[in-house]
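Thanks for making the time this morning; I would like to take you through a few contacts in one model. Please have the viewer open while I talk.

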Amino acid sequence: MKFTYKFSNLLGTVYRLGDIIFSHDGNTVICPVGNKISVYDLRNNRAHTLPIEARYNYTTLALAPNGIILIAAEEDGEVHIINLNFRNVLYRKRFNRPIKSIKFSPDGKHFALTKENGVFVYIAPGSNKRIFDPFVMERVFHGAFDDTTCLDWSHDSRLLAVGSRDMTTRICALTKFKNLKEYSIGGIKDTVVGTFFEEKTYDLCTVSADGHINAWDCSVDVDGLIPEKDLYKPKAKNAADEGEDDIPLPEDEEKTTTKEPKEEDDPELPKVFYKRRFRVFMDTHMGKRKVSVTAAQYHKRINMLVVAFASGDFVMLDMKDKGAIVHSLNISNQTITSVAMNQSGDWMALGVSSLGQLVVWEWQSESFILKQQGHFNNMRVVLYSPDGQNLATGGEDGKVKLWSCQTSFCFVTFSEHTAAVTGLAFTQSGRAIITSSLDGTVRAFDLTRYRNFKTLTSTRPTQFSCVTVDCSGELVASGSQDSHDIYLWSLQTGRLLEVLAGHQGPVSSVQFSSQPGSTLMVSTGWDGTVKVWDAISNTTSKESIGLSSDGLCVCIRPDGKQIAVATMDGQITMFNPSTGQQEGNITGRNDLGAGRADADKITAKKNLQAKSFTSICYSSDGKCLLAGGQGKNVCIYSIDDELLIKKFEVTQNRSFDAMDDIINRRKMAENGINLSLIEERDNNNEKVAIKLPGTRQGNMSLRAFRPEVRVSCLTFSPTGRSWAASTTEGLLVYSLDNNWLFDPLDLDFSNTPSAIKQKLKEKDYSTALMMAVRLNINTLKQEVIETIPVQSINVVVSNLTQLYVEGVLAYIAEAIESTRHIGLYSHWATALVTSHGNNLKTRSPQIMSVLNGLQKSLVLHHTNLSKVCSHNEYMLSYLLSQASLRKKRKTDNTPKEEQEEDEDSHVVPSEEQIEDLFDEDLSL
């Protein structure tokens, strides 16, 4: 088994906080998700997350006019220059202060950013030069009395409009002009949220936080700004002034004291000033209630202004018609934090940070292009579907969501539960999902019609903590926290069959064996025991195994011959379910990676003694164990060797608490007292703002809430090529990346790429295929497989040995998912399974991940092709009916002929008739 797992995607969290931007083609949305950046392709209905991780959460984004360079700013002031083609960070620079806004100039030569009360203009990287020289400062503008909040460039990249919290907007010139240096616009009663230039003019539009929108007319046009000439020419000096110690004469003093007339006072120069054209009060449009504007965006080509409010409403105004309302909508009850419009102005993207919601709305047709929302609270459970195509998640908000691994989008949400979801289980066929919740119900959802078709309850109210389904999909078992029992239902009838008693504490985990025909079930709880049950033949436990501490999670190996239990003392113990004997023990508490929170009084090493694994699962081949819990690390252990193979740090985000082992000196007072431990009280000595002892999630009522990183659940894909972890940051997916891995098989000196190509020229296909499998380079295997003629596939496959059969089948299962030659690769898979079916059946436990991957790809292609075929069938039927109707209208037939045509219309036309109809239709 290979362990080159790398971060692949981020699901479950769509939007966190920060600016949302569109690409220049208008088909892609780029938004920050914590300390990562997600890209949503709206045309192809796909999403991916850049393999870039920042130290803190991203808040501000800006895309260059070339669409390649992305500038992203963190909440602590560090700015990253990112190449979207190569998906890596090119350069980093720390500003040590928050960056509120970043904008590229329209010509792409500069970019400006706001920091405190100033605006810094830099030369854009890679603009009209071959040398990459980032962050070369061009100009600095000061003058604001408070923090700057927004900025915008004019169409010719010569002027900057800067809004600030001091309720003013300043017009700054990038180059020096005779009639303009800096112009300040007042008349605003609140913080400036947005300031925008109009297209091809210097006219301005400003939006304030109190809902006042002002349109300003500039007194000059584009040619009215007169640049200064010879800006850098030194002044000429007289010969008498060369000596430093010379005393000036009185005549010279008179010459120096007389002031020359200023260039600004030249009456011929046009004066630059702004005059208000009109003003719009948004409180009158919102029912005369107090409004709070949180975001604004202006489309310069169509002169449309979008204003978003804290109430979850947004309004579109036509600035040509003096701010007339064109469109309005309410998308949420929470604050809209970001607004963006695409290049054409048809789509607008809105983000709600408190709900994690991202919406792309087409305002002309009033329809959703994209509507995605993550879990309101943390995710608690995650599970792969049996075919590996989908991921199911359950959260503390009581919702169950299904995510597609292909598109990374959520395609269905079940909200029937009224409390936190604690368990998930797919049936063996993958057509239904069973969930348990703290609301006292176990629900079954149909994944074909997307409805809740069964609701299972107990005889008395209880909270269910876990759920499992047997291999046949008939029995459902769930453990309770209150009564300490395990309830067994029939999924088909919905009746409660048995109540299994025996645990003396809350049941924390229960699982059925996945072996066909097996009714083995294991459970563990806070009473420190693991119990082995036979769900049908006996209502009492077959084995009761004592543990060293409270049991937190239990799982069964895919072959059903071993179980693993995670306990509260940080150990993972393996047992034989038949004999009850211990087969191994792993002590992995030191691998969890716990840190020290700001308010902790104990060190990170002492804090680690209270950590443990809360979720474990076997790999698809049963040789390794994936474990995670109350820490920032996910570990892969070898069961046979009882050793740590690899450790993954799920995040490096310093926006979370307890990420460092020691407390920073900046957070300590001069006498060594931790500033986080000092209680903040008001004048009445009330409202103590300190975390209560024993709380694990912190005080979420505080304005600045920093949660700690936790891994709540882990799951391995049935294909074995990926695994997913539900964490505080979201649903992280790690997958194998074999593109950069050279892993040959039985390699010798004669096995080279040139030798493989020579064998192909000689038409020795069997030898060429075996050499390509031994060299294990995907491009060579693809070339060989696609070069071999179709009529020779059966002969080549029959000459392969078992070792090469598994290698070819593994590549076919991997390549058929993304190739265009579906028929060719399907022929290869059919030939391999037909010729070597008996050997593959005997080794099915070892190659189960390969078979699952092949099934997943074939099912996906079958679904897509069936949709296309059915659509084409209906479309052809529609076209034929339209052609026959048009023929009736154009030709003047007798009633008898019309009756014959009506009788013939019920008959399926032949191919010649179809061609004639289409030819006639085209001629008309």
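This is a predicted model: local features need pLDDT of at least 70, side-chain atom pairs count only at pLDDT 80 or more; totals for chains, interfaces and linings use all residues.

Residues are numbered from 1 along each chain as its sequence is written, and side-chain values use heavy atoms, with hydrogens and water left out.

A search of the whole structure finds 20 salt bridges, each being a side-chain nitrogen of Lys or Arg within 4 Å of a carboxyl oxygen of Asp or Glu. One of them joins D217 to R277, with the closest N and O atoms 2.7 Å apart. D217 lies in strand β20 and R277 in strand β21, so this pair ties together parts that are 60 residues apart in sequence; strands here are DSSP E runs of at least two residues, and helices are H or I runs of at least four, numbered from the N terminus.

How far apart are the closest N and O atoms of R557 and D559? They are 2.9 Å apart in that salt bridge, where R557 is buried at 18% relative accessible area and D559 is partly exposed at 30% (buried is under 20%, exposed over 50%, partly exposed in between, with a 1.4 Å probe and protein chains only).

Finally, the axes of helix α5 (residues 765–775) and helix α6 (residues 778–787) come within 9 Å and cross at roughly 165°, the axes being lines fitted to C-alpha atoms over the stretch in contact, with angles from 0 to 180 degrees between N-to-C directions.
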